[in-house]
Amino acid sequence: MKQGAFAAAVLLVAALHGCSGGDGPLDPAQPPAPPPPPPPGSDLALGQAAVERECGICHASRDGFDLAYFSYADTTIVRRAVKHVDTATALRIVAYIRSLNTAHVPAKVKLFQPGGTVVASDAQFAIDLFGSDTWPVLSTAQLRAIDPRVTPIAFSLPPWSDEQSNLDWLPDSAPPAAILSYNGSRAGAALTAYHTNPTTANLGAVVSAMRDAERAGANPAAPCLFNTPSRVNYVACFELRRWTAALIAQHMLRGGINQSVGGEAHEQWWDVGNTARMAQQASTPSAIVNPAVNQIDWMYLGWMFEPGLHESFYLENLLAGRGLRRHAVFVALRGQVSRPPNSWDEHQAIYDDLRMAVRHAPNSWTASVATFALNHLLERLNGGERPLTTANRTRAITQIDGAITEATPKVSAAQLQALVNLAAQVKAKL
Ligand code: HEC
């Protein structure tokens, strides 16, 4: 890893934790103090007004927070600003941005990159995490204690802005007026309330309203109606979702928050990736470029803040398809131990996790991976958690049997016998 990237990572971590004022986690409900307003009529006040009018909506920041936080050079700000305003205003914007009292990180920092560093390979990920290229003997509690938000991975997450590609947070466009005004301006009003009082609860209200407006059948301008193909606009949906995602990210960066700000918020990050997935599957091929990388990056971002929330299937298949099988196993099993009791019962998620982990495990990992996942299921069953319906019980058995079938060519005869015995214990409790 390059020295500069390391410094960037350290800085980002410092910034993420900088405002917590002690060892305890920051109270996400506590908004950061706003900067003092510049004197009216001054260059700073004019610069501020220009940012709010000309830049803030696309950048999902209103006040230009990102332009200061990501340490853009004056020349970069001017170069970008003059696409929207005259040179005198661009210079006032620079002066105003310099007056903002934010933390600073390098412009190209990879946002929320776990541990601030990228490991060299799939195997190195495991070696760094477990001490060797194996799935070790772990308890449920030990696996739960491994925090995906700080566990380095072998791929880069997106930076804030990349002028060359769509692999970044910044959307290419502002949210359409018809989204903000939908349903009695629910999203627009929530956004105004958030700007007045930027609490995590008010952010949540914006996220809910945006998610409704982007997919409501009653909204003629909703671009994300995936179940009505004739009305979907994948690119518009992708941009709109990135906009909400970028708003959420800046809320976290402003407050030094590196923990979940609510399931729906991180679901929104996941859904940016899901848009790329849906676009890729569409009968009319869509113009969202870098579909695979976008899916992995955004789904991982959503997953690492809410590891119990998502179905295993998509992210793990993508990771495995990119040669990151150990990462896929980690996502499956770290997801399995994170799911609240009976969550996703209709999908039998914890049983899917078993099967996906076994499917993607490298051969030498398979016996210990299957053993871990089966033991975890046994613990839950012993604790009284069972599928809620007969159909779900049947599906659970299908997934257990499927996992054994998928393990069979990858383990020794003795290992297989032990797995079959353990699987029988699990099934007996179902
Ligand atoms: C129409 C939407 C839009 C508006 C309005 C807008 N920007 Fe941007 N800006 C973008 C996008 C999109 C990018 C990211 C680059 C990309 O993806 O092409 C960006 C990137 C930037 C960057 C970072 C460039 C880099 O080095 O990556 C700066 C600085 C910037 N904008 C400043 C401004 C300023 C200042 C204003 C207001 C005067 C402004 N922008 C208004 C969309 C917008």
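This is a predicted model: local features need pLDDT of at least 70, side-chain atom pairs count only at pLDDT 80 or more; totals for chains, interfaces and linings use all residues.
**A ligand shell and its iron site**

By class, the shell around the ligand is made up of nine nonpolar, four polar and seven charged residues. In total, 20 residues surround the ligand, and the closest are Glu54, Cys55, Cys58, His59 and Ser161. Two elements, α2 and α4 (74-81), each give two or more residues to the shell around it. Of these, α4 supplies the largest share, with four residues.

From the protein it has a single donor, the NE2 atom of His59, at 2.1 Å. Because only N, O and S atoms within 2.8 Å of the metal are taken as donors and water is not among the atoms, the site may look incomplete. His59 belongs to the loop that runs between α2 (43-55) and α3 (65-69). Histidine 59 also has a polar side-chain atom 2.9 Å from a nitrogen atom of the ligand.

For arginine 80, a polar side-chain atom is placed 3.3 Å from a nitrogen atom of the ligand. Aspartate 162 takes part through its backbone instead, with an N or O atom 3.4 Å from an oxygen atom of the ligand.

Along the principal axes, the C-alpha atoms fill a box of roughly 80 × 50 × 40 Å. How does the radius of gyration relate to that of a compact globule? For 430 residues, such a globule would have a value near 22 Å, so the 23 Å of the chain agrees with this expectation.

Terms used:
Residues are numbered from 1 along each chain as its sequence is written. Side-chain values use heavy atoms; hydrogens and water are left out. Donors are N, O and S atoms within 2.8 Å of the metal (3.2 Å for Na, K and Ca); water is not among the atoms, so sites may look incomplete. A residue is near a molecule or strand if one of its heavy atoms lies within 4 Å of it. A polar contact is a pair of N or O atoms within 3.5 Å; within protein, one must be able to donate a hydrogen and the other to accept it, and residues adjacent in sequence count only if both atoms are side-chain atoms. Ala, Val, Leu, Ile, Met, Phe, Trp, Tyr, Cys and Pro count as nonpolar, Asp, Glu, Lys and Arg as charged, and the others, Gly among them, as polar. The radius of gyration is taken over C-alpha atoms; the globule rule is 2.2 Å times the number of residues to the power 0.38.
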